[in-house]
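Me: I would like to learn how to read ring features from a set of atoms. Please take them in turn.

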Amino acid sequence: MDQPELDEWDPVVIRQVKSWAHPIMRAWFRPEVRGLQNIPEGGAALVVANHSGGMLTPDVLVFAPEFYRHFGYDRPLYTLAHYGVLLGPGGMLRRLGVIHASRENAAAALHAGAVVLVFPGGDYDAYRPTSEANTIDFNGRTGYVCTALAAGVPIVPTVSIGAQESQLFLTRGNWLAKRLGLGRIRLDILPVSFGVPFGLSVLLPPNLPLPTKIITEVLPPIDITARFGADPDVDEVDAHIRDVMQTALDRLASQRRFPVLG
């Protein structure tokens, strides 16, 4: 690995964090991670997932411990994150495999044979309104397809349900962010939510998540070239990936009895 961020990945620290964080997550969210066998045993893969739960999203804390339980601590998992997550004290997250979401970092990790987890929808997806809780929406972002193609790795679609029930998400606030000119500081949304203990929240302060049951399902890998040819249409591939994910998410939603309870 020739990327400094990748070199900070530390399986010893990951094991230590898992020892205390995973029991908390297991008790609070009662998580189930299914289908890890769909991640190819050897070589690199790009895991593409929907993102949920707002600022305190539990997605990685649910997925990563089960990934390491299944594959062991000698197989790195890198998560691409917005640069703001890694500012200040957040920089320590690099030791857990959280790296700046750039094509250069993703390419370096994939060429090193690692598994890379990406949430193409980012904050836009994580703050989707409760009325659209079970909708796959990447906001038109297709860079993940180009990343997988350039590295010659399969895409492993992954869906999760439950975290968007952790509070009531009212609006992403795109219009409000635009009116306030927040694009200058790379803030395209100003989400409004309602939860515990602060009630109404406009981005801050973040409410604590309710103990909602979270189910994550890893779907069969997709070899882009084998399915779409040597020169695939990126938009067509993206549409197919999202369709596969939406079908799976709809199935999980149909099996859900009650919000929060699961």
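Me: Which charged end sits over the ring of tyrosine 124, and how many Å from its centre?

Reply: A charge sits over a ring if NZ of Lys or CZ of Arg is within 6 Å of the ring centre and within 35 degrees of the ring normal. Over tyrosine 124 it is the charged end of arginine 172, 3.7 Å from the ring centre. Likewise, arginine 15 has its charged end over the ring of tyrosine 73, at 4.1 Å from the centre. This is a predicted model, where local features need pLDDT of at least 70 and side-chain atom pairs count only at pLDDT 80 or more, while totals for chains, interfaces and linings use all residues. Residues are numbered from 1 along each chain as its sequence is written, and side-chain values use heavy atoms, with hydrogens and water left out.

Me: How many aromatic pairs does a search of the whole structure find?

Reply: A pair of aromatic rings is described by the distance of the centres and the angle of the planes. Rings of Phe, Tyr and Trp (its six-membered ring) pair if their centres lie within 6.5 Å; planes under 30 degrees apart are stacked, over 60 edge-to-face, the rest tilted. The search finds 6 aromatic pairs. One of them joins phenylalanine 138 and tyrosine 144, edge-to-face, with 5.6 Å centre to centre and 85° between the planes. Tyr73 also belongs to an aromatic cluster with Phe63, Phe67, Tyr68 and Phe71.

Me: Is phenylalanine 138 buried or exposed?

Reply: Buried means under 20% relative accessible area, exposed over 50%, partly exposed in between (1.4 Å probe, protein chains only). Phenylalanine 138 has 1% relative accessibility, so it counts as buried. Tyrosine 144 is buried because its relative accessibility is 5%.
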